[in-house]
Amino acid sequence: MSEKKFLMGNHAIARGAAEAGATVVAGYPGTPASEIVEDYVQYPGAYVEWAANEKVATEIAIGGSLCNQRSLAVMKHNGTNVATDFIMHLNFTGVKGGMVLLSADDPGANSSQNEEDTRILVHTYGHLPVFDPSTPAEAKAMIKDAYELSEKTELCFVLRPVMRICHARSIIELEPLPDKLREPSLENDRSRYVMSAVAEPAYGGTLRPVIRHRWLNQKQEELSAIMEESPYNWIEEGEGEVGLVGCGIGYSYIKEALEIAGKKLPILKLGTLPLPRQKVIQFLRSVKKVLVYEEVEPVVARMLREIAYTEGIEVEVLGRDNFLPPEGEMSATYVLKSLGQVVPSFKDDLPFAHEPIPVPTRIRSQCVGCPYRGMLHALKTTIRKNKGIVTGDIGCHDAGSFAPMEVQSTIYCMGSSIPMAIGMAKTGIDRPIYAMIGDSTLFHNGIIGLLDAIYNQANVTVIINDNRTTAMTGFQPHPGSEVNVRGEEAPYMHIDKIASAMGAKVYYIEPYDIEATKNTFLEAAKEPGTKVVIAKAPCFLRSSRLGIKTFPERVVKVDPERCNGCKVCINDFGCPALIFKDGKVHIDEATCVHCGLCADVCKRGAIK
Amino acid sequence: MKLNLVIAGVGGQGNIFASEVIAQYAMKKGYNVFGTETIGAAQRGGSVVSHVRIADGPIYSPLVPQGQADYLVGFEPMEALRYINLTKPGATFLINRSQVPTISINMGLDRYPEEGEIIKTLSEAASCGYAIDATKAAAQMGNTIYTNVILLGALSKICPQLEPEGILEAILGRLKPKTHEANRRAFALGQELVSAPEAKVL
């Protein structure tokens with residue numbers, strides 16, 4: 001008998017993979033996809049790991065696939081960028097056991113440093129088939145089908161849920177897990193799995209990459225036929241000459257919008273790439289104008305125009321490149337507003353009660369008690385003194401680039417801090433250069449940059465914030481955490497030993513000691529070559545939840561006589577537990593965790 | 001039956017717990033439930049907004065569309081104001097009066113709106129409103145952790161679709177038995193606070 005549970009989309013996706021019998025699961029944490037890997041440890045018989053990065057995760061997944069296991073690589077869109085080099089090979093070789101690459105997109109960039117569309121990378125560029133779910137329940141069904149189809153076509157399938165699927169919660173029907181899992185086995189097929197520019201005698205000496213490219217191109221027809229019959233694409237009848245195309249969650253927003261308006265328009269619901277060409281042609285022929293709702297780039301809109309042109313269909317295709325807002329997340333309101341401009345009768349149906357009003361934004365900061373606040377403040381006072389430049393990286397410490405800290409001058413993508421610092425230093429600019437990176441990011445991609453800096457003798461001070469966890473995405477362990485995804489003991493990668501083995505001079509700092517930290521930062525920058533400064537302090541938030549103390553408690557109070565309201569502690573240090581009222585600073589007792597750092601920051605000695 | 005709830009707050013206030021409790025309750029009642037949350041780095045001073053949608057028919061979008069929220073619950077008053085455009089004409093609001101200023105407000109770069117202003121603006125978008133100081137009441141109970149249960153008590157008192165017994169049962173079902181007594185008290189306190197004449201602000 002089936003059971004129903006109220007589940008987050010990510011948990012529904014993990015369940016779907018488990019029901020399909022996936023036994024090799026690897027990923028790197030990244031909101032909105034992180035929960036899938038964490039959740040998978042509950043399913044018996046599976047190997048699950050937090051991989052060092054997404055390229056590694058994808059390579060692990062295909063290793064499993066070639067041994068005839070069903071496998072899953074999990075990442076967010078940025079991670080798919082990292083994995084692209086491998087994806088552009090696995091599309092040529094194909095897979096053995098069913099393989100799904102899950103890449104979660106974050107339209108609206110609620111938890112990302114950029115906004116992008118995985119479909120372009122994996123489909124337009126990599127020619128892999130994509131499923132784009134409209135609900136968590138459909139995502140679960142899709143991943144199960146993806147395993148079947150992956151084995152049938154020998155291609156890796158991609159599931160591209162958007163954040164509103166990953167982080168939606170709904171009632172999900174659970175079906176049984178497989179009774180028996182497959183035995184692993186490897187069948188050699190060097191003409192596929194050895195990617196090399198070797199001439200193939202059986203093909204008259206044509207080079208292997210060309211043959212595999214041809215194979216991939218020929219596969220597209222087979223995929224098109226499959227998508228034509230796919231249960232994830234359909235047409236809904238409606239009135240009028242304006243048709244709506246809903247891709248993935250775009251379909252859900254269309255349905256919601258039409259329900260609010262109490263109207264029925266023709267709808268083409270699409271959940272696959274390649275598109276079901278015949279269905280598309282049938283739909284385009286039935287209307288004069290279509291609006292295409294998709295996250296986040298006009299991928300399908302452009303395909304529809306190509307089909308209309310090739311088939312000689314006179315239809316106007318309005319998409320995110322020529323009509324709809326091209327950036328940000330869609331919603332039912334987005335659909336209603338755009339429809340109001342195309343179908344006049346929609347204008348009267350908008351039930352908006354109140355316009356949005358400007359409210360002060362909440363900018364992310366370090367947690368109260370976070371070791372990064374002390375470290376960032378020390379670095380800020382250091383660079384004020386020595387005119388240093390700081391290149392930043394991904395992680396909680398990135399909030400040091402916002403007011404009131406404003407320390408890092410740059411933040412791009414995982415691991416970029418160190419190579420960018422090398423480039424700056426090598427210009428000969430007469431300022432000390434600091435690169436700041438976290439532990440998880442160092443293992444992900446940063447270590448290569450560190451190696452490069454040491455090898456090329458760059459005068460760079462690399463600050464490694466070693467808080468022993470991937471804090472930003474919810475405390476996932478990494479090679480420096482001493483535990484694995486299951487919480488079992490794991491070998492520890494000593495950052496200091498790695499750095500010194502590579503030839504860097506290593507310094508240690510205690511980030512709760514602002515003065516000593518500042519002195520080390522100043523001193524390290526004076527030394528030639530690549531220096532590594534390790535700030536070793538476990539994440540306060542995680543430790544406090546586990547009941548572990550990470551600093552000696554210092555209960556401090558504001559002396560209202562001495563406080564002159566200069567606000568250095570607020571405007572320069574920015575601890576959220578400090579509140580300014582009636583010309584004086586006050587400590588919010590409900591928020592303060594007694595790290596006492598504000599006392600070190602107050603130059604008047606008003607906090608003691 | 002169709003009920004759209006929006007719960008707006010800041011990290012650490014137990015916003016997601018509250019939305020899950022309501023969802024569990026509705027699911028037990030046999031309704032369809034769909035929802036989502038947007039977590040702007042919740043633990044690091046960001047906003048958290050949960051959308052909970054309950055219906056006896058299909059629900060398409062996990063997000064409550066603009067102008068469709070029946071209840072706007074502000075675990076933090078300014079956060080309620082942030083989502084005012086989601087309220088339906090005739091909606092009810094419930095706010096926790098304890099304010100959490102932003103760093104920019106502390107720095108003097110932004111201004112925290114006066115409570116009167118917040119209530120006045122919310123009142124333009126709703127037809128019924130309540131304000132209680134749940135954080136203060138929780139602190140008086142000994143721990144601000146009870147804030148969300150106090151607010152759930154208050155909400156179940158003013159929202160006829162959420163029966164207090166069922167909501168309390170869903171709360172306790174998610175908590176360790178040794179905490180049940182205190183949470184029962186917090187829940188009852190919320191019901192009591194919202195029933196006081198001064199709580200009714202619209």
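Reader: Which residue is the bridge partner of Glu3(A) in strand 8 of chain A?

Author: The partner of Glu3(A) in that strand is Leu174(A). Strands here are DSSP runs of E with at least two residues, and helices are runs of H or I with at least four, both numbered from the N terminus. This is a predicted model, in which local features need pLDDT of at least 70 and side-chain atom pairs count only at pLDDT 80 or more, while totals for chains, interfaces and linings use all residues. Residues are numbered from 1 along each chain as its sequence is written, and side-chain values use heavy atoms, leaving out hydrogens and water.

Reader: How many bridges join strand 1 of chain A to strand 8 of chain A?

Author: Two strands pair if DSSP finds at least two bridges between them; here six bridges join strand 1 to strand 8 (residues 168-174) of chain A, and the two run antiparallel.

Reader: How is a pair of aromatic rings described?

Author: One gives the distance of the centres and the angle of the planes. Rings of Phe, Tyr and Trp (its six-membered ring) pair if their centres lie within 6.5 Å, and planes under 30 degrees apart count as stacked, over 60 as edge-to-face and the rest as tilted. Over all chains there are eight aromatic pairs; in one of them, Phe540(A) and Phe551(A) have ring centres 5.4 Å apart and planes at 25 degrees, so this pair is stacked.

Reader: Are Phe540(A) and Phe551(A) buried or exposed?

Author: Buried means under 20% relative accessible area, exposed over 50%, and partly exposed in between (1.4 Å probe, protein chains only). Phe540(A), at 12%, counts as buried, and Phe551(A), at 9%, is buried.

Note on methods. Chains are lettered from A and ligands numbered from 1 in the order in which they are written.
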